[in-house]
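This report describes a predicted model. It takes up the ligand surroundings, a helix pair and the domain arrangement in turn.

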Amino acid sequence: MAKVIVVGGGVAGMSAAIYARRAGLECELFEAHSIMGGNLTAWRREGCVIDNCIHWLTGTRRGNDLNRVWHELGMLDGTTPVRRRTQLYESEHGGVRIGLGSDLEATRRQMRALSPQDAREINRLIDTVSALTPIVCNGRLNEKAGSILHLPDIVYYRKATLFALAKRFRHPLLRLLLTDYIGGEFCALALLFAYAAFASGNGSVPVGGSLAAAERVRSTCEREGCILHTGTRVTQITTDATEANGVILADGTAVFADYIIAACDPVVTFGTLLPRHLMPGALERRLYNPHTPIFSALHTAFLCDRETLRPFGTRIIDSPAFSVRSGKRLPVREFSHEPTFAPEGKVVLQTIVFQTAEESRAWIELAEDRQRYRERKASVADATARAIETAMPALRGHLALLDVWTPATYHRYLGANKGAFLSYAFTPYAPLRSLPSRVSTIKNLSLATQWLSSPGGLPTAALAGRRAAHDAAVALRTSARTTHGARGAVKLSNES
Ligand SMILES: Cc1cc2nc3c(=O)[nH]c(=O)nc-3n(C[C@H](O)[C@H](O)[C@H](O)COP(=O)(O)OP(=O)(O)OC[C@H]3O[C@@H](n4cnc5c(N)ncnc54)[C@H](O)[C@@H]3O)c2cc1C
């Protein structure tokens, strides 16, 4: 049987492994970290779970291609309930709040009651979100005549940033509501797509959160017969003339295969595992485009008493201490819906402040000096607690710090370029076409990573894995060679 090696056990890598096995290939996966999942993860602090991924999972509604992929991978399994929230998020300013609710008509009414003078733009926004629903649910543009009728609006939102869209609204809180979605430089259509997916039930969250989801996908890998190695870093992809033929592990073992799927961050693939000059030009141009905002963030987690908290899901509050990129706003998410994430009577609260590429780079540099890094994290925790207590006075004196993590955390654990955890931001100028998964400079090598498309995320990663497995199946079927994989693994001596 022809053999595939997958480097990296994030969602893209696990998806590649599962689909490779289903295509009848032998498969071995190497993951550097002690657990599988990559960015799809959570960790424990003081008896609490800090969940660091799924805010919404596109594809939770039955009947579309992505939903089928999630069931094939085990991300959704038919027995784990999927939780539909009532709001995507809500924005607060000056003691007033408004949210993007799952009921579009109720949201329209609330927005119009808050700001009657914005009725025209509110109607246009809600009507377009409603028209996008069949597209995000089924992926077919012509599903409903309504989508076509709204094409001029869709084009308008595709060309506008959220800053530009916000300027069309008069009410300051409605302006904030729009730019509170991951930042104002993003394409307005990105928010509309996310909201349409959410409102139609196609962007919910599986109960148990990120770690449980990663564990379900890991066990699908095992069930399919993929050999998984955690805590096993790959240091090199080996090539035989122009063809990938195996990997070298950190302990010096060489493992051979007929096809390699690199499912780690592309800056690790080209720069550590392979020489940087082999990076395809199109990927390099996208990765190092200085005009594309990156997705990295500064986070905190706190514990508070359940009785002091009125559940709100995700609320974005004022926070003068934080960066320009975050618009001096602070998203706060509470996990009262996950009782197992905290001891009885307690709830975990988490915050996320998006960072610019410069801020991320500064965090990565600062992390070299552990003492100063710790001090800076402590001051972030203080500023965050002050912002939360100002916006939610009932929590004053009730917040206990659990953890602070930064772009340096993503850099350290995943090798992520500038600490980024989502790929290219969806801006009005971002090319939406995916890059090829096959690497033209080396035979029998494919990439499986969210970095092949904008804006990244779990669906992008899962589909990239499926595409890379398909590449491997096609290449190995046509070449009918299984020579490298048959060589197995050998321990290289120090001299080699
Ligand atoms: C805070 C946060 C919130 C998010 N929210 C959402 C959300 O709500 N919805 C959504 O869809 N997405 C969300 N995402 C994004 C999502 O997590 C990522 O898009 C996705 O997990 C990327 O998967 P990947 O497999 O491409 O890469 P990664 O997750 O980076 O996986 C790469 C893997 O390769 C491993 N690796 C690296 N180098 C080596 C090596 N040399 N040898 C062996 N292994 C190696 C790494 O350890 C890692 O496990 C969020 C991410 C974060 C951090």
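## Shell around the ligand

The residues of the shell around the ligand comprise 20 nonpolar, 14 polar and three charged ones. In this predicted model, the ligand is surrounded by 37 residues, of which Gly8, Gly10, Gly38, Asn39 and Gly457 are the closest. Two helices, helix 1 (11–22) and helix 16 (458–479), each contribute at least two residues to the shell.

## Packing of helix 1 on helix 10

Helix 1, which supplies residues to the ligand shell, also packs against another helix: its axis and that of helix 10 (residues 209–223) come within 9 Å of each other and cross at roughly 25°. Because angles under 35 degrees count as roughly parallel, helix 1 is roughly parallel to helix 10. The crossing in which helix 1 passes helix 10 is left-handed.

On the side of helix 1, the contact is made by Val11, Met14, Ala17 and Ile18, while helix 10 contributes Val217, Arg218, Thr220 and Cys221. Sorted by class, this contact of helix 1 with helix 10 contains six nonpolar residues, one polar residue and one charged residue.

## Domain arrangement

According to the domain assignment, the protein chain has domain 1 (3–46 + 213–289 + 428–491), domain 2 (98–200) and domain 3 (296–419). The C-alpha centres of domain 2 and domain 3 are 28 Å apart, and five residues of domain 2 are in contact with five residues of domain 3. On the side of domain 2 that touches domain 3, the residues divide into one nonpolar, three polar and one charged.

Notes:
Residues numbered from 1 in each chain as written. Predicted model: local features only at pLDDT ≥ 70, side-chain atom pairs only at ≥ 80, totals over all residues. Near = placed C-beta within 6 Å. Helix = DSSP H or I, 4+ residues; strand = E, 2+ residues; numbered from the N terminus. Nonpolar A, V, L, I, M, F, W, Y, C, P; charged D, E, K, R; others polar. Axes fitted to C-alpha atoms, helices over the stretch in contact; angles between N-to-C directions. Parallel < 35°, antiparallel > 145°, perpendicular 65-115°, else oblique. Left-handed = near helix turned anticlockwise from the far one by under 90°. Contact = placed C-beta atoms within 7 Å. Domains from an automatic or database assignment.
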